[in-house]
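Colleague: Hi! Could you walk me through this model?
Modeller: Happy to, here it is.

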Amino acid sequence: MSLDFLLEIGTEEIPHWMIPGALAQLAKMDLFGAAPEVDATPRRLVVRAKGLPERTPDQEQVVKGPPVSAGEKAAAGFAKKQGVELSAMTKVGDYYELRKQVPGRAVLDLLAESLPQTILGLQWPKTMFWTGGKTGPRFIRPIRWIVALLGADVIPFAIAGVKSGSVTKGHRKLGSSSIAVTTVNYESELRKNFVILSSEERRRKIETEVGALGAKFDHELLETLTFITEYPTAIKGGFDPAYLALPAEVLTMVMRHHQKYFSVESEPGKLAPHFVAVMNTSGDPEGLVQRGNERVLKARFNDARFFFDVDQQKTLVDRVPDLAHVTFQAKLGSYLEKTNRVVTLVEELGGNAHARRAALLCKCDLPTEMVKEFTDLQGIVGGLYARHQGEPEEVARAIYDHYKPLSMEDSIPSTHEGQILALADKLDTLRGCFAIGLIPSGSKDPFALRRAAQGVVKILAEGGSALALELLLEVASTAQVQTVRPPSQSDTLVATGIVGGGLPLPDRQLKEFLLDRIKYYFREIRGYKYDEVNAVLASGCGTLADVEARLTALAAVRPTENFEPLAASFKRISNILKQAAFDPSTVLDDALFEEAAESDLHIEFERVRTMARGASYQKALEAVASLRPKVDTFFDTVLVNAKDERVRINRLTLLHNLLTEFSTIADFSEIVTSGDTK
Amino acid sequence: MDTFQQTLFKLKRYWDERGAIIQEPYDVEVGAGTMCPETFLRVLGPKPYRVAYVQPSRRPADGRYGENPNRLYKHQQLQVILKPSPDDVLDQYLGSLEAIGIDLAKHDIKFEEDNWESPTLGAWGIGWQVMLDGLEITQFTYFQQCGGIDLELVPAEITYGLERLTAFLQGVESVYDIQWTRGVKYADVRLADEQQFSVYNFEMANVDRLWRLLGEHEAECKELLAKYDAEKDPVKKSRFPVLPTYDQVLKCSNLFNLLDARGAISVTERVGVIKRVRDLAVGTARIWADQQGGAAA
């Protein structure tokens, strides 16, 4: 007989953002072959499954005994220890063996044993203890009831003094606090008691209702409200249009972050004096909830207006000296020092006067009341204030945009000045942190350097910047960073490049870090194949526009018939040269060609070289691919390792010239061909 | 419609019926009801305790010269401590809202994650802000640690913002319009405090003297802490003035808040001063727990 399973962990309200993570863990629960279905509201985590067995199957266990040579006495002793008669043992080869029948167990018992561990073993970002002091059970919030059923039976166990049973609770105010349920009627009983168990259904209910009330869609808010309610219902409210004089960004922030309201637009980009709130109840027939929310919002908007007015008493430029009192990073100094570095960087990156002005002012919103209250509006507030205070539009826009892009989905700054400023700001953070050894590792990235680096790459690629990565790193060298703390001797060794060759170590690490982000960008965002990205970057980076042009050409030529075989040949060439430890100092000598295939290849090489030069990347790659027949013939008929040393060197030189000449667009040996096992 | 004080009577009555000691406000300046010894010290140790009291709470930086309808330099909290927290604590709390006339079936109530932490007290807890029709009316916290000490009996702390709650109940948009009692508004009772203390806190408090006072109270506190540790006689130890030691911590905390409102503490100094006050709070919590443990033994 197969049984249905129901587990409901009844808790006090769980933080909304942690619920999906907990469900993902519960979905992996071992239910004896049955598939767990999970769902949740803020007060309950639920696992259901159909078709669990009543018992686990009986199993035979083989226990190896003493060797036959040890005699019957040893075997008898072994049998006694196992609790069986000697006759139960069999001789298998040189050993005694016991075949034990292990009977299956009731799944109910097994679950009663394992569920407490499964529940308390859930991983949460932060847990608490509520009974039994610090050594007591830990969970995200106190567990107040547990429903655990297998078929019609309660799976008996207890956690933190709470015994499992078959009684659940409905909505805090609209439902009963004691509802007997079965695996069959559980969800419908909850619904009668104003709990919509399905998060998908709650999500749809919210989406439909707020949409009907004219709300602007907001995915993140929708998710939050889905997991903050058991019975969501949307209502519309309004506010005095006079508040629309405040910046729309500020109004939206107040509505969204502080009040979890959707904003309403009268036309795209223009706020209407309305909002949509989502209640955790079934309705507001007397309009009490609406009026309450309207009053709260009015008070919030009053605060915002107060901050705005106070902030205007001091212009951004007058706030520059105040930045000396705002710490950027202990070793990297204040925001004033950062500002000075960013201004210089903007200049070195070729920023115009507007960009430089924006760099000077871009952090001046940090000490404003508005940003202290709405931290997420940093930059945006600065841009709005700059405009309000009569700074040129280019300056205001650049400040407004300079934290962009905030994610890979976010757009880059819309103006050239904004792009330069955003680059300089991010590069300064990156080089500063790398210079003092704050390099992200694993999940640890407190300064969000990955996001900064990804932002740099996105701006370089999508802003059509003429800045090559190498040049950028030269300008933004970590050696330019003056740390507040005097550098230790080992820092000096690193910075002067005495440790490690070429670039100073932090610069090399930063370059690697940026290259990683470049690869990620072209692979994951632009969808090029990983080996194509590797091949192109192995031939040098340059500007990202150039990287992309080479990638486009490579991807276009790759499916043609000659390309992959030629790539395989190039890899072969590269291996041959490596094995021969070839020193490319010799000049090719036609007179040393012995075979026709050699001179044919050479002639073809010269022809293609002429064709490729000055051609588009795609035309050039097509020309290179046309080398294939001659290369094939060469390898079919010519033995590179000729007995005559001069002939051998000459052949290696031909291959070397071929490889270097045609690897400027992409390093073909990085291309994974069908012959590779990779 | 109930007046401000009638609502207060009802809340106190409600918690009286649930076995809480009804205390009067503590008579040293505090920034929150949590800082009163009735909470900060009593949550330590194994003794169950239930207490409720109104605590006028001073936050100099929140002053608005009496001009902002919702922000106050000094607001009043009703602080409830239930140690250990009963299993139905949230239902009891919701019951208190019904008791002051809120029909919860007609309103929207949400518990939104809001963990509380006080770096100056070495204390933190897990909890929610309770939202009633979008208005934060209560901070609910399960204390986990206080004065750097992990708690044996986890208390529930329920902090009602009385001005907000009564403004909501009375349907007024400014706290100054709350009916304190018949014919007397909140403004009649409290507006002068708001105006005068805003002027003092933001403009006139003598910064040098505040720093000196902070140093003096800190020195007094440290001296007492050292004397407790040096005291070997168990009888003298059991009557050692730990509570006066804690008053010095409260003085320091209030002076820190005043200096902060005056803009006299730079970002870099801030962390250091917070640590100075925390060391005193943690030290006092330690000797209080030690003294209680000694008395029990």
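Modeller: Chain B has nine helices and eleven strands, taken as DSSP runs (H or I, at least four residues, for helices; E, at least two, for strands). This is a predicted model, where local features need pLDDT of at least 70, side-chain atom pairs count only at pLDDT 80 or more, and totals for chains, interfaces and linings use all residues. Residues are numbered from 1 along each chain as its sequence is written, chains are lettered from A in the order in which they are written, and side-chain values use heavy atoms, without hydrogens and water.

Colleague: And why is chain B called as compact as a globular protein of that length?
Modeller: Its radius of gyration is 20 Å, close to the 19 Å from the globule rule for 297 residues, so chain B is as compact as a globular protein of that length. The radius is taken over C-alpha atoms, and the rule is 2.2 Å times the number of residues to the power 0.38.

Colleague: What box do the C-alpha atoms of chain B fill?
Modeller: Roughly 60 × 45 × 30 Å along the principal axes.

Colleague: How much of chain B is buried?
Modeller: 54% of the 297 residues, with buried meaning under 20% relative accessible area (1.4 Å probe, protein chains only).

Colleague: Switching to chain A, how far apart are the centres of domain 4 and domain 5?
Modeller: For chain A, those centres are 42 Å apart over C-alpha atoms. The bounds, 323–525 for domain 4 and 543–670 for domain 5, come from an automatic or database domain assignment.

Colleague: How many residues are in contact there?
Modeller: Nine residues of domain 4 of chain A are in contact with five of domain 5 of chain A, meaning heavy atoms within 4.5 Å.

Methods:
Buried means under 20% relative accessible area, exposed over 50%, partly exposed in between (1.4 Å probe, protein chains only).
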